[in-house]
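Q: Could we go through the charged pairs and the backbone of this chain together? Please keep the answers plain.

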Amino acid sequence: MASRHSSLLEAVALYEKVDFSVGSYQVYEIGYGSAEEGPASAGHANNKEVAENAPDTFRCPSAMDGPFKKGTYKDYSAAGGTIFFYWNPGSNSWKDRRSDTKQDYTLTYPSRRRTSAAVFCQNSWYSFKDIVDGTSNTFLLLEAMNTISMIDYEGNRKTFNFNSFIWNGGWDTGYVMSCGSNSSFQPNSGTQYPWEVARGARSAHPGGINAAMADASVRFISETVNLNAYSAAFTRSGGENFELP
């Protein structure tokens, strides 16, 4: 996605270097908390130059630089939906998919069956007509600051760049998600573990994060936002009866 948007952001020369006939290239890859994790390239070398030269537009001026090469990461990600949970209007609450084998997944794109459908869920081709919850109530992009400090699964504190410029399917890049009313995924969550940190919205701004809505407006989302409303904004057609303040 980031590579295609480059053609619209005064980066035509960079865009023309993208080889869409082969796989993308990620300059570094983060594992699941192992002691050996660190920078490691992944993908097709044809797109290496593009992956190392992110336009400044993809960086937030308030975000700090991490330990890896500048130009290889971004500070914004696409809204990827809600992980594990969907809205059940019958019970007027979020329901856990993992304990409900009868859930109808027709609102969920087949390649991401655990997420309620967002505008940018993987391999989707949604248009404005598909945003039936309303464009002013639906996230497109959110801040996902590239540099994070976390406790890995072995108890070690580490600082990483998590959000590589070119997304290649890695769990640590490209998507911001919510998890129903689970506070681990709220903006700027204090959680310390890789999964929640990588998928949650985060910024260097005190008190919250910026988000681009489907109606082209930009809104500041507070860290104390109602999590039901916050999760509802990740779906394009979930039918949730919530609005962001």
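The chat below covers salt bridges, then backbone angles.

Q: Before that, what kind of model is this, and what confidence do local features need?
A: This is a predicted model, in which local features need pLDDT of at least 70 and side-chain atom pairs count only at pLDDT 80 or more, while totals for chains, interfaces and linings use all residues. Residues are numbered from 1 along each chain as its sequence is written, and side-chain values use heavy atoms, with hydrogens and water left out.

Q: How many salt bridges are there by the rule?
A: The count comes to four, where a salt bridge is a side-chain nitrogen of Lys or Arg within 4 Å of a carboxyl oxygen of Asp or Glu.

Q: Why can such side chains pair at all?
A: Side chains of opposite charge can pair when their charged atoms come close.

Q: Which residue does Lys17 meet in a salt bridge?
A: Its partner is Glu49, at 2.8 Å from N to O. The pair links distant parts of the chain, 32 residues apart: Lys17 is in the loop between α2 (12-15) and β1 (25-26), and Glu49 is in helix α3 (residues 48-51). Helices (H or I, at least four residues) and strands (E, at least two) are DSSP runs, numbered from the N terminus.

Q: Is Lys17 buried, partly exposed or exposed?
A: Lys17 counts as partly exposed because its relative accessibility is 44%. The cut-offs are under 20% relative accessible area for buried and over 50% for exposed, with partly exposed in between (1.4 Å probe, protein chains only). Glu49 is also partly exposed, at 44%.

Q: And what does Lys48 pair with?
A: Lys48 forms a salt bridge with Glu52, and the closest N and O atoms are 2.7 Å apart. Lys48 is partly exposed, at 33%, whereas Glu52 counts as buried because its relative accessibility is 16%.

Q: Which residue forms a salt bridge with Asp75?
A: Arg59 does, with the closest N and O atoms 2.5 Å apart. Both residues are in the loop between α3 and β3 (76-83), yet the pair links distant parts of the chain, 16 residues apart. Asp75 is buried, at 1% relative accessibility, and Arg59 is buried too, at 14%.

Q: Changing topic: what is the phi of Ala216?
A: Ala216 has a positive phi of about 80°, although it is not a glycine.

Q: Where is Ala216, and is it buried or exposed?
A: Ala216 is in the loop between β11 (208-213) and β12 (218-222). Ala216 counts as exposed because its relative accessibility is 69%.

Q: What about Asn188?
A: Asn188 has a phi near 55°, again a positive value in a residue other than glycine. Asn188 lies in the loop between β10 (175-178) and α4 (194-199).
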